[in-house]
Amino acid sequence: MTYLRYSPGVEQPEADEQATIDNIIQAMTRQSETVETREQHAVRASHAKSTACVTGELVIPDDLPEELAQGLFARSGTYPVAVRFAQGPGETLGDRVSTHRGMAIKVFGVEGEKLPGHHAPTQDFVLATGPTFPSGTAKGFLRDGSLIGKSAGLPERAKSAVSSLARNLNKVLNTVGKPSAVADFFGHPFSHPLGDSYFSQAPMRWGDYIAKVAAFPSSVYQDQLRDWQLDPHADEDGFRHAAVAFFDQHDVLFDLKVQLRANAETQPIEDASVEWPAQDSQYRTVATLRLPRQRPIRPSECAISTR
């Protein structure tokens, strides 16, 4: 298969994109201020509630083909990592408000050229449930983020009602094979956080190529979580307690995979709401993420960002 190579010309920023980004920052700041006033302390503007913060290692094999062996993955090796699983909202809500979720991976000991202002030998991957991001574009994110920010002051029961409505809607849509990314964003199933798959959603440069990144659970014990469901009325912190209990008994494994861009028509890079068709290119494994049995770090001590 022939994969499309990266060149600066493939990116087409809009003329007013920086102004849009500035407005996003302002909207998220206002949302954080609203939440801080209510909760009496500041939290992240997204993925505020930690599910589990753990450590482990990223193992890169020595037989990756050239198109996959890019950047950090150009050579085999084992790197220490810290991983944070979190709920989606930028506020601390009970788990009956089950929305999208995040998974942040910080890889340590990574040498090489860094972005301006970043000098630590680390590399971060920020993933979330769902293969696409509903907003799609910067302007779409500003529109949707502004609505979410305005809803920050609403009572939790209202957010629980919206989450329930979205989740039940997607159950119906799934029966006809047309699930909604928007509905999943606001109403993710009450599934186990260590049984979910996580995606970059937006494409990124992959050395000489372009790719989307994802982490898929890969242990037999995680496979047994397929039918697990949280009772949302029994435990306001049920996802966290379930993750802690699982790490107490089992290692956790994820296959880190990438989907390389092969078709410019069906695999756009400027609209993250479009799922790249599997018939154009498959997700392929580039590393194994190993998180051994452990007691997760307490949420107050976990500083890994999933924003």
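Colleague: Quick one to start: where is H47 found?
Modeller: H47 sits in the loop that links helix 1 and strand 1. Keep in mind that this is a predicted model.

Colleague: And is H47 buried or exposed?
Modeller: H47 is buried, because its relative accessible area is 6% and the cut-off for buried is under 20%.

Colleague: What's its phi like?
Modeller: The phi of H47 is positive, about 55°, although H47 is not a glycine.

Colleague: Which loop is Q40 in?
Modeller: Q40 lies in the loop between helix 1, residues 17-39, and strand 1. Q40 has a positive phi too, about 70°, and it is not a glycine either.

Colleague: Buried or exposed, that Q40?
Modeller: Exposed: Q40 has 68% relative accessibility, and the exposed class starts over 50%.

Colleague: Let's move on to S50. Which strand does S50 lie in?
Modeller: S50 belongs to strand 1, which covers residues 50-60. S50 counts as buried, since its relative accessibility is 5%.

Colleague: What does the side chain of S50 make a polar contact with?
Modeller: With the side chain of R84, at 2.8 Å.

Colleague: How do strand 1 and strand 2 pair?
Modeller: They pair in the antiparallel sense, over ten bridges. If you want a spot to look at, V54 is opposite V83 in strand 2.

Colleague: How many residues of strand 2 are buried?
Modeller: Eight of the eleven, so strand 2, residues 77-87, is mostly covered.

Colleague: What about strand 3, how many bridges join it to strand 2?
Modeller: Seven, and those two strands run antiparallel. Strand 3 takes in residues 101-108. There, A86 stands opposite G102.

Colleague: Which way do side chains point along a strand?
Modeller: In a regular strand they alternate between the two faces of the sheet.

Colleague: Changing topic: how much space lies in the second largest pocket?
Modeller: About 920 Å³. Its lining is made of 24 residues.

Colleague: Which of them lie nearest its centre?
Modeller: E113, K114, L115, T122 and Q123.

Colleague: Which strand gives the most to that lining?
Modeller: Strand 4 does, with five residues. Strand 4 (122-128) and strand 6 (204-206) each supply at least two residues of the lining.

Colleague: How many cavities of 30 Å³ or more does the structure hold?
Modeller: One. About 50 Å³ of space lies in the largest cavity.

Colleague: Which residues line the largest cavity?
Modeller: K49, Q87, P89, E91, L93, G94, D95 and V97. By class, that makes three nonpolar, two polar and three charged.

Colleague: Last topic, the whole thing. How many helices and strands are there?
Modeller: The protein has six helices and nine strands. The C-alpha trace spans about 50 × 50 × 45 Å along its principal axes.

Colleague: How does the radius of gyration look next to that of a compact globule?
Modeller: It agrees: a compact globule with 307 residues would come out near 19 Å, and the protein has 19 Å.

Colleague: And what share of the residues is buried?
Modeller: Buried residues are 43% of the 307.

Technical notes. Residues are numbered from 1 along each chain as its sequence is written. This is a predicted model: local features need pLDDT of at least 70, side-chain atom pairs count only at pLDDT 80 or more; totals for chains, interfaces and linings use all residues. Side-chain values use heavy atoms; hydrogens and water are left out. Buried means under 20% relative accessible area, exposed over 50%, partly exposed in between (1.4 Å probe, protein chains only). Helices (H or I, at least four residues) and strands (E, at least two) are DSSP runs, numbered from the N terminus. Two strands pair if DSSP finds at least two bridges between them. On a 1 Å grid over the protein atoms alone, a cavity is a set of points where a 1.4 Å probe fits but cannot get out, and a pocket is an open set with protein on both sides within 12 Å along at least five of seven lines; lining residues have an atom within 4 Å of a point. Grid points are joined across faces, edges and corners, and a volume is the space filled by probe spheres set on the points. Ala, Val, Leu, Ile, Met, Phe, Trp, Tyr, Cys and Pro count as nonpolar, Asp, Glu, Lys and Arg as charged, and the others, Gly among them, as polar. A polar contact is a pair of N or O atoms within 3.5 Å; within protein, one must be able to donate a hydrogen and the other to accept it, and residues adjacent in sequence count only if both atoms are side-chain atoms. The radius of gyration is taken over C-alpha atoms; the globule rule is 2.2 Å times the number of residues to the power 0.38.
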